[in-house]
Amino acid sequence: VAPRPEPAAPDRELTLTRVLDAPRDLVWQAWTDPTHLARWWGPRGFTTRVHTWDVRPGGAIALDMVAPDGTAYPMGGTFHEVSVPARLVFTGTAVEDGDGNPQLEVLTTVTLAEQGGKTALTVTLVAVKVGPAAAGALAGMAAGWAQQLDRLAEDLGRVGPVS
Amino acid sequence: MPRSPTTADAFNAVAEPRRRQILDLLARGERPVNAVVAALGLAQPQVSKHLRVLRAVGLVTVRGAGQRRLYRLNADRLKPIHDWVKSFERFWHERLDRLDDYLRELQDKEKDRGPTT
């Protein structure tokens with residue numbers, strides 16, 4: 001039997017799993033309460049301004065992730081499915097072309113399962129649309145994080161060892 | 001002058017499940033169009049249309065071998081897509097790291113506050 005070849009084309013689907021050391025209700029809050037969400041949604045060093053995070057079917061999403069250099073990365077979207085406290089489905093849209101058309105649309109499914117006092121989190125991401133402007137945008141964000149890390153390294157270097 | 005194909009063009013080309021099947025097939029070696037038709041069970045015009053799209057974005061190349069035209073995967077063109085997916089994945093891992101940290105922080109605060117009476 002010939003070995004099964006690696007698939008040539010990457011699927012646009014990505015599944016991430018984590019076991020979080022927190023009760024499911026708290027994890028649900030962290031995902032659904034805009035005040036909580038703002039504390040962790042953006043990359044490290046970014047601040048997140050949540051304008052709308054209307055967690056109900058048809059509810060809107062509007063937020064900005066602001067990089068250390070002040071560049072804002074807006075995100076929009078719509079909630080499709082909300083099942084307290086276990087399942088959340090939404091489309092996130094990011095990166096707009098000159099006419100305000102989203103260039104990246106990702107269908108995101110979040111499921112939370114109780115696991116002996118902890119919470120098993122699964123996030124499934126399906127890129128529904130990737131437009132010409134989107135390919136460069138993530139690279140831009142990645143450069144933003146690298147800058148932030150460089151700055152952190154510099155700061156640590158400046159402090160020097162405690163004598 | 002036609003613009004050169006971008007990563008996004010390649011991305012959209014692989015969005016179509018039948019085109020992904022064609023790429024998977026060609027990853028095992030070059031094939032003439034009738035072999036692709038047989039493997040996919042599609043009509044030849046449909047297969048030819050998909051192959052045209054894949055050629056336009058540079059994911060597939062074709063060469064003449066006698067009477068036949070052989071289609072071959074150009075794996076180099078897939079690399080930008082893999083890279084893109086990797087950075088997207090990294091982005092989400094970092095987001096979930098932050099969620100993890102934040103949940104700890106919340107629970108530590110709760111502990112500091114002590115039991116409510």
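The dialogue below treats chain B.

Tutor: This is a predicted model, in which local features need pLDDT of at least 70, side-chain atom pairs count only at pLDDT 80 or more, and totals for chains, interfaces and linings use all residues. Residues are numbered from 1 along each chain as its sequence is written, chains are lettered from A and ligands numbered from 1 in the order in which they are written, and side-chain values use heavy atoms, without hydrogens and water.

Student: How many helices and strands does chain B have?

Tutor: Helices (H or I, at least four residues) and strands (E, at least two) are DSSP runs, numbered from the N terminus. Chain B has five helices and three strands, in the sequence pattern α-α-β-α-α-β-β-α.

Student: In what order do the strands of the sheet lie?

Tutor: Two strands pair if DSSP finds at least two bridges between them. In chain B, the open sheet has the order β1-β3-β2, with antiparallel pairing. Its edge strands, β1 (31-32) and β2 (60-65) of chain B, each pair on one side only. Six bridges join β2(B) to β3(B) (residues 68-73); Arg63(B) has Leu70(B) in β3(B) as its bridge partner.

Student: Which share of the residues in chain B is buried?

Tutor: Buried means under 20% relative accessible area, with a 1.4 Å probe and protein chains only. Of the 117 residues in chain B, 40% are buried.

Student: How is the accessible surface of chain B made up?

Tutor: Accessible areas come from the Shrake-Rupley method with a 1.4 Å probe. For chain B the total is about 6,800 Å², and 49% of this belongs to carbon and sulfur atoms.

Terms used:
Buried < 20%, exposed > 50% of the residue type's maximum accessible area, 1.4 Å probe, protein only.
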